[in-house]
Structures are given as C-alpha cells and as structure tokens.
Amino acid sequence: AVPSGEASAALTKFNYGSAEGSDIALQASPGPALSIHDFHIRQGTPDSAGLSEAEGTLTGMTLGVGDMPISPSTAASIAAFGMNAITMDISASRTGHADGSTGFRDDLTLHDLGVLHLSGSLSGYVQPTGPSASPADALAALMGVTIQNATLVWDDRSLTGRVFKVVADESHTTPALVRAQLAIPLVALGVLLPEQPDAADQLTHFLDNPHQLTVTMNPPQKVTLGQVAQAPATQQAQLLGVHVSSR
C-alpha cells in the first residue's frame, strides 16, 4: 500500500541557479512527521578563471512522531535518547577550480547532540553522462576520485553520553562499564595506524571526556578511492595519511 499523508509549504521560490523555501511539512500515515523551517540552494556559473561556487543551507529539519502513530521500535529509539524529535541544520558549499579539483565544506548540526564538520579537497571526478549512464558508471567515477586532503571534526554535545546510556540500559550495566568495554578493542588501532602510536590514547581520551574528535587525511602521495578500497585494511589508513586527535 502507498502511504498517505499531507504536505505543505508556505513559501517556495525557484530562480535560475537558485531555489528556496520555508515552512515545509510532511506527514506520512503511519509514519513520522518531517518539517523544514527553510532551505536555500545557489549554484553559480564559472567565472573567467574557471572558478565556480555552489552552496546550500537547510535549517530546522525536524523528524518527530507527529500526530500519527509510528512503529514501536522507532518510538522506542527516539525515547531512549530522551528526545521526542530530532532536529538538524545542514550547510554545504562546493568550490570548483579550473584544474578540476573541488573544495568542499559541510556542517551538520544535530540540535542538543553535536556538530559534524567536514572539509577538504577532491579531484578527478568525471560525471557520467548520456542515456546509457548506469549506477555502475557512477560508482566507477567515484572510485576514480583522488582525495587531496580531508578533515572530519565531531563536536560532541551529548550524543556520546546518550549512546552510552542507551547501550547500558539495554545490556543492564552502567555507562562507565560500556566506556571501559569500548576502550579494549582500541588497542587494535596500533595495527591500522602504525605511524601514530598514541591513536588509541586519543580515542580513549575522547570516550572518557567526549568533547571534540578530529580525523584528518593527508595522503603522502596521490591515491584514488578505488586504490584505497582495493588495498588491505592494514594499509588503507597509511595510504590516506589518517591522523586522529581529541581534546
């Protein structure tokens, strides 16, 4: 059966190279309610130097139970985190250069839970075109992408502590014991990150005092996603130049 429901948007604008809207609401029956406060998308045209920019923002996207019933498992998952809705803001930007490289910066804010920051530079992506383009072509194009550099930063507000509590409640133990159990397998990081002896200590520090976790990638030489995917697991982090730190 096709889910029924309602959708509304108080204001939506579409122009050449841009789009925006506000007060969007979706309600599936049965299912969770989704609302968006506003969104904006802008796609610029390349300038004389071949530089192009695109950006988009989405604020107040809220997933909640709404007025209609949802599955017991979904309701239980949201309630286990001590919440009745999850709200997020998304900001993304892309800068294309004449040499074919693309800089990116993405920020995902999960209200009351934390903020994820992604940034870096990629090159070598060729968009499959034509009526015969297939998902396999898209995957092959993705595998040809070169990672020049990338940074992932997680600013924790409460997510880690909530996860510990949920796991502890389900296993009838304590958050402190859950943290201790998670720290044990981190010893294996010495195999995956042999050039960073303190990698396990950095992650353990984050688990003990969740604040900010940073993962950087600075490949020592040119490497594609396909080459990384085909390499042994013990070599992938080295190919990407991965480094982990916390504070």
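His172 sits in the loop between H3 and helix H4 (175-183). Helices (H or I, at least four residues) and strands (E, at least two) are DSSP runs, numbered from the N terminus. The phi of His172 is near 55°, a positive value in a residue other than glycine. His172 is exposed, with a relative accessible area of 75%. The cut-offs are under 20% relative accessible area for buried and over 50% for exposed, with partly exposed in between (1.4 Å probe, protein chains only).

Asp23 also has a positive phi, of about 50°, and is not a glycine. Asp23 belongs to strand S2. Its relative accessible area is 45%, so Asp23 is partly exposed.

## Model and overall make-up

This is a predicted model, in which local features need pLDDT of at least 70, side-chain atom pairs count only at pLDDT 80 or more, and totals for chains, interfaces and linings use all residues. Residues are numbered from 1 along each chain as its sequence is written, and side-chain values use heavy atoms, with hydrogens and water left out.

The protein has eight helices and 10 strands. Of its 247 residues, 30% are buried. Take the contacts (heavy atoms within 4.5 Å) between residues at least 6 apart in sequence: 53% of them join residues at least 24 apart.

## Nonpolar cores

In soluble globular proteins, nonpolar side chains tend to be buried together. A nonpolar core here is a set of buried Ala, Val, Leu, Ile, Met, Phe, Trp, Tyr and Cys residues joined through side-chain atoms within 4.5 Å. The largest core holds 26 residues. Leu186, Leu189, Leu193 and Leu203 touch the most other members. H6 supplies the largest share, five residues.

Leu193 is in contact with Ala199, Ala237, Val242 and Val244, leaving aside neighbours within four places in sequence. A second, separate core has six residues, including Phe104, Ala150, Val223 and Val228.

## The largest pocket

By class, the lining has six nonpolar, three polar and one charged residues. Here Ala, Val, Leu, Ile, Met, Phe, Trp, Tyr, Cys and Pro count as nonpolar, Asp, Glu, Lys and Arg as charged, and the others, Gly among them, as polar.

## Thr146

Thr146 is in strand S8 (residues 146-156). Thr146 counts as buried, at 7% relative accessibility. Beyond residues up to four places away in sequence, Thr146 touches Ser121, Leu122, Ser123, Lys222, Val223 and Thr224.

## Salt bridges

The protein has four salt bridges, each a side-chain nitrogen of Lys or Arg within 4 Å of a carboxyl oxygen of Asp or Glu. Arg42 pairs with Glu55, with the closest N and O atoms 3.2 Å apart. Arg42 lies in strand S3 and Glu55 in strand S4, so this pair ties together parts that are 13 residues apart in sequence. Arg42 is partly exposed at 30% relative accessibility, and Glu55 is partly exposed at 36%.

Arg94 bridges to Asp106, and their closest N and O atoms are 2.7 Å apart. Arg94 is in strand S5 (residues 85-96) and Asp106 in strand S6, so the pair ties together parts that are 12 residues apart in sequence. Arg94 is partly exposed at 35% relative accessibility, whereas Asp106 is buried at 16%. Arg105 and Asp107 also meet through their side chains in a salt bridge (3.9 Å, N to O). Arg105 is partly exposed, with a relative accessible area of 45%. Asp107 counts as buried at 19% relative accessibility.
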